[in-house]
There are 2 protein chains.
Amino acid sequence: MQRYFVAKEQMGDQEVKITGEDVKHISRVMRMNIGDQIICSDNDSRTVSCRISSMMDQEIIADIIESLAPNTELPVEVTIAQGLPKGDKLDLIIQKGTELGAHTFIPYSASRSVVKWDHKKAGKKVERLEKIAKEAAEQSYRERIPVVLTVQTLAELKKQMSQYDSVILAYEESAKEGEKSQFASALSELKVGQKIMIIVGPEGGLTDEEVRQLCSEGAVASGFGPRILRTETAALYALSAISYHFELMR
Amino acid sequence: MQRYFVAKEQMGDQEVKITGEDVKHISRVMRMNIGDQIICSDNDSRTVSCRISSMMDQEIIADIIESLAPNTELPVEVTIAQGLPKGDKLDLIIQKGTELGAHTFIPYSASRSVVKWDHKKAGKKVERLEKIAKEAAEQSYRERIPVVLTVQTLAELKKQMSQYDSVILAYEESAKEGEKSQFASALSELKVGQKIMIIVGPEGGLTDEEVRQLCSEGAVASGFGPRILRTETAALYALSAISYHFELMR
């Protein structure tokens, strides 16, 4: 069934009021009519199935049939801190990362980031990325749209690390320590409801100095297997592995 | 160090002969000179580091310095059977799937595949996909270029399933059975060196009849977490989870 996110104030006890672009999507793209059912989520804790009862040009009303128990969110909160990559790679990371359950995306500017975000245009860029996240969240049946923060410096990123229970830095390890990789060990210690940050470098990777700085703040460097992954693949690997660990293995 | 795949006959005991497009890449793109080092792999079991000793327009000779132990291949052979998707999604699946360690790709035509491969053009399409696989294998330091087969029917795909130790069908399970998902159980039983096939439907999924047919031949339907993944994301999830299971957890 088609899913839509609405603001909290649009979801009442008895009915949901749909406005904006979703009105067009329901009436013109999906060609739905009165009586058709949809699912609405308030992007927090409430997801309901409902039936369209009124359609106007700017507003659609749907009567709530029942509340649905949320169960499509990852059991741990995953933040992807992504070194600004080239071209439209950030779009891909946010679309696929949303499907795979990410909670927050933090783009940051690394020494080897070729792309720079003009401060004037940053607002528009974030808006565009938020739209990609919203659409991917609807398509993948998420209950929550991931948060996309504006671009940060490495210093700003470092300050936030203390809020996390675990911080993993994607890094081509020269050798594994012990039986498991650092990443698998970190996941074994992480508990349901806790927060993990995955830091990925831009194309060309982080500099030794950046790695040293992040690790001195508590980030743990870990490889994601022996192959060299492109920057946009690393985040997707981490999210898939976290889902496998927390959702499929138990 | 830059990596190149060469045919078996191009790799001698003492030297490697590089021909074709790689000559241009070494001389014009990388601007290398005599004395520079590269790594060459024969796409089977031999990977060597070598030093360029002669550069001509059509041929570069590099003297072998030493053999390198191969260690970037997944410990199990993974075949991705992908229902033909729309647009350039197959390119993405092959590029990212190669980075993540896939051994073979089998595109197949499913009931809901919108795209059809014209038999006359199939050869060219496979050639293009093979080129994507070769480039991604070089970039990710693979020792082996994945095999890309030409498009198959579901009947042809079914015939090949008996060659595999495990066949997983990506499917939105209504409920998990027991403690682990079917996919995690299958990976627990799979041994190093064995072969696993992951079957992914096209956009819109496989029909109930297709699922029934594949399962009656031994495929095990398994979900990849509670979120609905796009077709191009499912294969990448499976490969990441397999790497995590076999390369990071042990």
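How far apart in chain A do the end C-alpha atoms of residues 18-64 lie, and what percentage of the span is helix and what percentage strand? The ends sit 12 Å apart, and the span is 19% helix and 47% strand. Keep in mind as you look around that this is a predicted model.

**Chain A at a glance**

- UniProt, in an unreviewed entry, lists residues 18-64 of chain A as "domain: Ribosomal RNA small subunit methyltransferase E PUA-like".
- Count up the secondary structure of chain A and you get seven helices and eleven strands.
- Chain A has a radius of gyration of 20 Å, close to the 18 Å that the globule rule gives for 250 residues, so it is as compact as a globular protein of that length.
- Taken along the principal axes, the C-alpha atoms of chain A fill a box of roughly 60 × 45 × 30 Å.
- Of the 250 residues in chain A, 51% are buried.

**The largest cavity**

- Rolling a probe the size of a water molecule over the atoms shows where empty space is left.
- Here the count comes to two cavities of 30 Å³ or more.
- The largest cavity has a volume of about 40 Å³.
- Its lining is made up of I80(A), Q82(A), L90(A), I93(A), I94(A), F105(A), I106(A) and P107(A).
- Three elements of chain A give two or more residues each to that lining: strand 6 (77-83), helix 2 (89-99) and strand 7 (104-108).
- Sorted by class, the lining of the largest cavity has seven nonpolar residues, one polar residue and no charged ones.

**The second largest cavity**

- The second largest cavity holds about 40 Å³ of space.
- For this one, look at chain B: the lining residues are R3(B), Y4(B), F5(B), I39(B), C40(B), S41(B), A137(B), E138(B) and R142(B).
- Strand 1 (3-5), strand 3 (37-41) and helix 3 (119-139) of chain B are the elements that give two or more residues to this lining.
- The lining of the second largest cavity has five nonpolar, one polar and three charged residues.
- Why does the second largest cavity lie between domain 1 (3-68) and domain 2 (77-248) of chain B? Both domains give residues to its lining, so that is where it lies.

- Most residues other than glycine have a negative phi.
- R31(B) has a phi near 50°, a positive value in a residue other than glycine.
- You'll find R31(B) in the loop between helix 1 (21-29) and strand 3 of chain B.
- Is R31(B) buried or exposed? R31(B) counts as exposed because its relative accessibility is 67%, and the cut-off for exposed is over 50%.
- Y141(B) also isn't glycine, and its phi is a positive value near 65°.
- Y141(B) sits in the loop between helix 3 and strand 8 (147-148) of chain B.
- With a relative accessible area of 28%, Y141(B) is partly exposed.

**A buried loop residue in chain B**

- H103(B) belongs to the loop between helix 2 (89-99) and strand 7 (104-108) of chain B.
- Although H103(B) is in a loop, H103(B) counts as buried because its relative accessibility is 17%, and buried means under 20%.
- From C-alpha to C-alpha, H103(B) and P202(B) are 20 Å apart in space, and they are 99 residues apart in sequence.

Conventions: Residues are numbered from 1 along each chain as its sequence is written. Chains are lettered from A and ligands numbered from 1 in the order in which they are written. This is a predicted model: local features need pLDDT of at least 70, side-chain atom pairs count only at pLDDT 80 or more; totals for chains, interfaces and linings use all residues. Side-chain values use heavy atoms; hydrogens and water are left out. UniProt positions are given in the numbering used here, feature names are shortened, and annotations may be inferred rather than shown by experiment. Helices (H or I, at least four residues) and strands (E, at least two) are DSSP runs, numbered from the N terminus. On a 1 Å grid over the protein atoms alone, a cavity is a set of points where a 1.4 Å probe fits but cannot get out, and a pocket is an open set with protein on both sides within 12 Å along at least five of seven lines; lining residues have an atom within 4 Å of a point. Grid points are joined across faces, edges and corners, and a volume is the space filled by probe spheres set on the points. Ala, Val, Leu, Ile, Met, Phe, Trp, Tyr, Cys and Pro count as nonpolar, Asp, Glu, Lys and Arg as charged, and the others, Gly among them, as polar. Domain bounds come from an automatic or database domain assignment. The radius of gyration is taken over C-alpha atoms; the globule rule is 2.2 Å times the number of residues to the power 0.38. Buried means under 20% relative accessible area, exposed over 50%, partly exposed in between (1.4 Å probe, protein chains only).
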